[in-house]
Amino acid sequence: MLDIKITRTTTPKAKPADETKLGFGKLFTDHMFLMDYTQGQGWHDPRIVPYQPFTMDPACVVLHYAQEIFEGMKAYRTADNKIQLFRPECNGQRMMDSAERLCIPPVPVEDYVQAVKALVEVDKDWVPHIDGASLYIRPFAFATDVALGVHASPTYTFCIICSPSGAYYAEGINPVRIYVEDEYIRAAPGLTGFTKCGGNYAASIKAGEMAEEQGFAQVLWLDGVEKKYVEEVGSMNIMFKIDGKIYTAPCNGTVLPGVTRRSCIELLRDWGYEVVEDHLAIADLMKAGHEGKVEEIFGTGTAAVVSPVKELDWKGDKIFIGEGKIGPVTQKLYDTMTGMQWGKIPDTKGWIVPVCQG
Ligand SMILES: Cc1ncc(COP(=O)(O)O)c(C=O)c1O
């Protein structure tokens with residue numbers, strides 16, 4: 001149990017006047033959570049302080065060698081004005097797994113969840129009120145040692161910031177076009193694909209920019225060894241409904257184990273669908289698409305919850321799915337997940353963690 005010291009701002013910012021114009025990740029709340037790590041002492045000085053810039057030495061390890069990890073989650077305001085989280089312990093566990101791979105001392109899951117809850121409660125007035133909008137929460141940890149030389153830092157900072165974010169589908173759910181990346185790769189066995197480290201995203205930007213220039217929403221990554229099997233999308237896992245069964249890549253080192261992925265798989269199995277967590281060759285997927293057997297494709301992730309896909313392009317070959325409309329399974333997952341998150345339907349899975357009255 002952390003003993004969190006709270007220092008409230010004396011100059012609170014004005015809350016956004018129009019919650020329909022929040023966008024994503026541009027506006028930050030009044031406070032942040034901080035905790036320091038020093039070798040020999042462990043994590044210490046947990047505190048909530050006014051949101052403020054860091055002072056950093058130019059030789060700080062993270063700026064050169066990217067020893068950094070992060071998480072992404074949301075707080076939701078229900079119609080009866082309760083503030084709640086969705087499976088925060090899953091994000092806490094994933095951050096511990098990322099920490100281990102990046103040689104960053106892990107923050108125990110209970111402390112992670114306690115810190116998130118404490119910060120959300122202090123900034124509860126920032127949790128948006130309108131349908132579909134939420135408070136995006138960004139925990140991250142980074143190396144702070146001042147020394148050039150590739151080594152594990154003896155000191156770290158763990159920080160949490162929050163950003164009120166608009167409804168992802170403010171203009172309705174629009175199925176997206178996805179570019180199957182055939183040149184660059186995101187992950188390979190033994191590397192950091194299963195972690196949420198900044199370096200993974202830095203290496204993905206080029207392919208993402210190139211796809212965007214051609215009108216695609218995101219890239220679909222293939223495995224890094226043979227470029228033969230589908231893995232995941234830029235910031236989502238991906239699922240394929242083919243001939244009644246749902247296929248998604250296994251999480252065995254190269255794919256980020258998404259909290260939404262895991263939740264959708266549990267729901268799909270509850271509903272009687274067979275979910276196959278196995279390698280799916282892109283060539284087989286395209287063939288099935290041309291034969292009209294690909295019924296639905298959708299990405300899963302915290303930001304969009306589910307994102308239906310209407311087109312896949314692989315080396316000039318294209319398949320079109322569901323006549324450009326969201327499929328029934330995708331829609332049911334969306335309704336169930338968002339229903340639980342915003343408290344519109346009962347939480348039959350025990351996934352909701354209350355924070356406070358709003
Ligand atoms: C690369 C990648 N894959 C998958 C996901 C989906 O994970 P989650 O459902 O936990 O948001 C994300 C988003 O965090 C991501 O960045």
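Me: Which element gives the largest share of the lining of the largest cavity?
Reply: In this predicted model, the largest share of that lining comes from strand S5, which supplies three residues.

Me: OK, and which elements give two or more residues to the lining of the largest cavity?
Reply: Those elements are strand S5, covering 73-77, together with helix H6 at 259-270 and helix H8 at 328-341.

Me: How many residues line the largest cavity, and which lie nearest its centre?
Reply: The lining of the largest cavity is made by 13 residues, and the ones nearest the centre are Met73, Tyr76, Phe86, Thr302 and Gln341. Divided by kind, the lining has six nonpolar residues, six polar ones and one charged.

Me: What volume does the largest cavity have?
Reply: Its volume is about 120 Å³.

Me: Which residues line the second largest cavity?
Reply: The second largest cavity is lined by Ile69, Met95, Met96, Ala99, Ile104, Pro105, Pro106, Val107, Ala141 and Phe158. Helix H2, which spans residues 88-101, gives the most to this lining, with three residues.

Me: Switching to the ligand: how many residues surround it, and which are the closest?
Reply: The ligand is surrounded by 16 residues, and the closest of these are Lys196, Tyr201, Glu232, Thr260 and Thr302. Thr302 is also among the residues that lie nearest the centre of the largest cavity.

Me: What distances do you have from the ligand to the side chains of Lys196, Tyr201 and Glu232?
Reply: For Lys196, an N or O atom of the side chain is 2.7 Å from an oxygen atom of the ligand, while for Tyr201 a polar side-chain atom lies 2.5 Å from a ligand oxygen atom. With Glu232 the ligand atom is a nitrogen, placed 2.5 Å from an N or O atom in the side chain.

Me: And what percentage of the ligand's accessible area does the protein cover?
Reply: On its own the ligand has 380 Å² of accessible area, and the protein covers 96% of that.

Conventions. Residues are numbered from 1 along each chain as its sequence is written. This is a predicted model: local features need pLDDT of at least 70, side-chain atom pairs count only at pLDDT 80 or more; totals for chains, interfaces and linings use all residues. Side-chain values use heavy atoms; hydrogens and water are left out. On a 1 Å grid over the protein atoms alone, a cavity is a set of points where a 1.4 Å probe fits but cannot get out, and a pocket is an open set with protein on both sides within 12 Å along at least five of seven lines; lining residues have an atom within 4 Å of a point. Grid points are joined across faces, edges and corners, and a volume is the space filled by probe spheres set on the points. Helices (H or I, at least four residues) and strands (E, at least two) are DSSP runs, numbered from the N terminus. Ala, Val, Leu, Ile, Met, Phe, Trp, Tyr, Cys and Pro count as nonpolar, Asp, Glu, Lys and Arg as charged, and the others, Gly among them, as polar. A residue is near a molecule or strand if one of its heavy atoms lies within 4 Å of it. A polar contact is a pair of N or O atoms within 3.5 Å; within protein, one must be able to donate a hydrogen and the other to accept it, and residues adjacent in sequence count only if both atoms are side-chain atoms. Accessible areas come from the Shrake-Rupley method with a 1.4 Å probe; for residues, only the protein chains shown count as cover.
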